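Hi,

Here is the structure I promised to pass on. Have a look at it first, and then read on for what turned up.

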Amino acid sequence: MKMLIVFYLLLILTVGRCSDDLNFDMKTVGVGDYVNLTCTRQSVSEFGATLFWIRLISGNFPESLGGTFNFDYKGVTKPRRMTTKQEPGTFLLQIHGTKLSDTGLYYCIKINELSLTFLKGTFLRIKGPEPDITAVFQVPPSDPVRPGDSVTLQCSVLSDSENKTCPREHSVYWFRAGSDESHPSLIYAHGNSGDECERSPQTHSPQKCVYSFSKKVSSSDAGTYYCAVATCGEILFGNGTKLEIEAFNWQDPLLFLLCAALALSLIIIAFLIYNIKKKSGGCYNCKFL
């Protein structure tokens, strides 16, 4: 959506004029495919004009991919995996072996003196491989949690390792949403050591990776903790673990006895200190009688 907004802004902020009949389309291809983008070239009119292919990728500056003259010209530009060249009546952009990073807006523009015209616009979407993750689930702590306790949250990730299509290993993150329903915030990221994964000896069984996150909690740590797995350009969230921090239960007999013993000890200590000071004060007065 942001790139489309930028596209329309560029149409408004051109030098000179915009094309009245801008041709805009959308194209979806897979990773590794071969793409041809064509732009009409009129070699008779506007003999001195030049044509350019440029592209806009979200977060980057506009990038020039190659240019040519409006008249017949045999020059070829090859930036990295791309080729720009003339063919009869067209100005061609070829992309060899597309990558996910090639997703963006591609424009063919014509510059004639101080006039800039958008001739062709294409939103190119590169569809990546499907995630091999089959399930992400979390198990809540089995015991009650109180302030000062050490809690371990676990996230299990099941994947079909035999049909792995993503070139990189998945990444695992932990997010926390506070009890006040605030937006989740990132609190921890796991490294890709691979030690968390185990493979069942059974044929065609999924691979299971268990990721643990431990911390000593206080009453402010209450909330819902989410495990998120980033893979194949997508993010998959677990079901979430709601962590409730129990306050001290004053009706607990053991806790009540401990508090009573502490209070009695403080009373005895205060009484002894008072007696010691009283006796010391009496002797001091006796010396001056």
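Before the rest, the ground rules. This is a predicted model, where local features need pLDDT of at least 70 and side-chain atom pairs count only at pLDDT 80 or more, while totals for chains, interfaces and linings use all residues. Residues are numbered from 1 along each chain as its sequence is written, and side-chain values use heavy atoms, with hydrogens and water left out.

**Overall picture**

The protein has two helices and 17 strands; helices (H or I, at least four residues) and strands (E, at least two) are DSSP runs, numbered from the N terminus. Of its 289 residues, 32% are buried. For the burial words, buried means under 20% relative accessible area, exposed means over 50%, and partly exposed is in between (1.4 Å probe, protein chains only). The accessible surface comes to about 18600 Å², and carbon and sulfur atoms account for 59% of that; the areas are from the Shrake-Rupley method with a 1.4 Å probe, and for residues only the protein chains shown count as cover. Taking contacts (heavy atoms within 4.5 Å) between residues at least 6 apart in sequence, 61% join residues at least 24 apart.

Two strands count as paired if DSSP finds at least two bridges between them. An open sheet of three strands runs in the order β2-β6-β5, with antiparallel pairing. Its edge strands are β2 (35-40) and β5 (82-87), each pairing on one side only. From one strand to the next, the twist averages 20°; axes are lines fitted to C-alpha atoms, for helices over the stretch in contact, and angles run from 0 to 180 degrees between N-to-C directions.

**The five-stranded sheet**

Another open sheet has five strands in the order β1-β8-β7-β3-β4, and here the pairing is mixed. The edges are β1 and β4 (63-69), each of which pairs on one side only. Neighbouring strands of this sheet are turned by 20° against each other on average, direction ignored.

Going through the pairs:

- β1 (residues 23-30) and β8 pair in the parallel sense over eight bridges, and the bridge partner of F24 in β8 is G121.
- β7 and β8 run antiparallel and are joined by nine bridges, with Y106 opposite T122 in β8.
- β3 and β7 also run antiparallel, joined by seven bridges, and F52 stands opposite I109 in β7.

Why call β8 (residues 115-127) largely enclosed by the rest of the structure? Because ten of the 13 residues of β8 are buried. One thing to look at in the hairpin of β7 and β8 is E113: the hairpin has two residues between the strands, and E113 takes a positive phi near 55°.

**Salt bridges**

A search of the whole structure finds five salt bridges, each defined as a side-chain nitrogen of Lys or Arg within 4 Å of a carboxyl oxygen of Asp or Glu. One of them pairs R55 with D102, the closest N and O atoms being 3.2 Å apart. That pair links distant parts of the chain: R55 sits in β3 (residues 50-56), D102 in the loop between β6 (90-95) and β7 (104-112), and the two are 47 residues apart. Both R55 and D102 are buried.

K215 and D221 also meet through their side chains, at 3.1 Å from N to O. K215 counts as partly exposed because its relative accessibility is 29%, whereas D221, at 11%, counts as buried. In the salt bridge of K242 with E244, the closest N and O atoms are 4.0 Å apart, and both residues are exposed. Finally, salt bridges that share partners join R55, E63, R81 and D102 into one network.

**A nonpolar patch**

On the surface, L264, I268, F271 and L272 form a nonpolar patch with about 410 Å² of accessible area together. Patches are made of residues with over 30% relative accessible area and no salt bridge, like charges being joined within 9 Å and nonpolar side chains (Val, Leu, Ile, Met, Phe, Trp, Tyr) within 5 Å. I268 lies in helix α2 (residues 253-286), and at 44% relative accessibility I268 counts as partly exposed.

Over to you!
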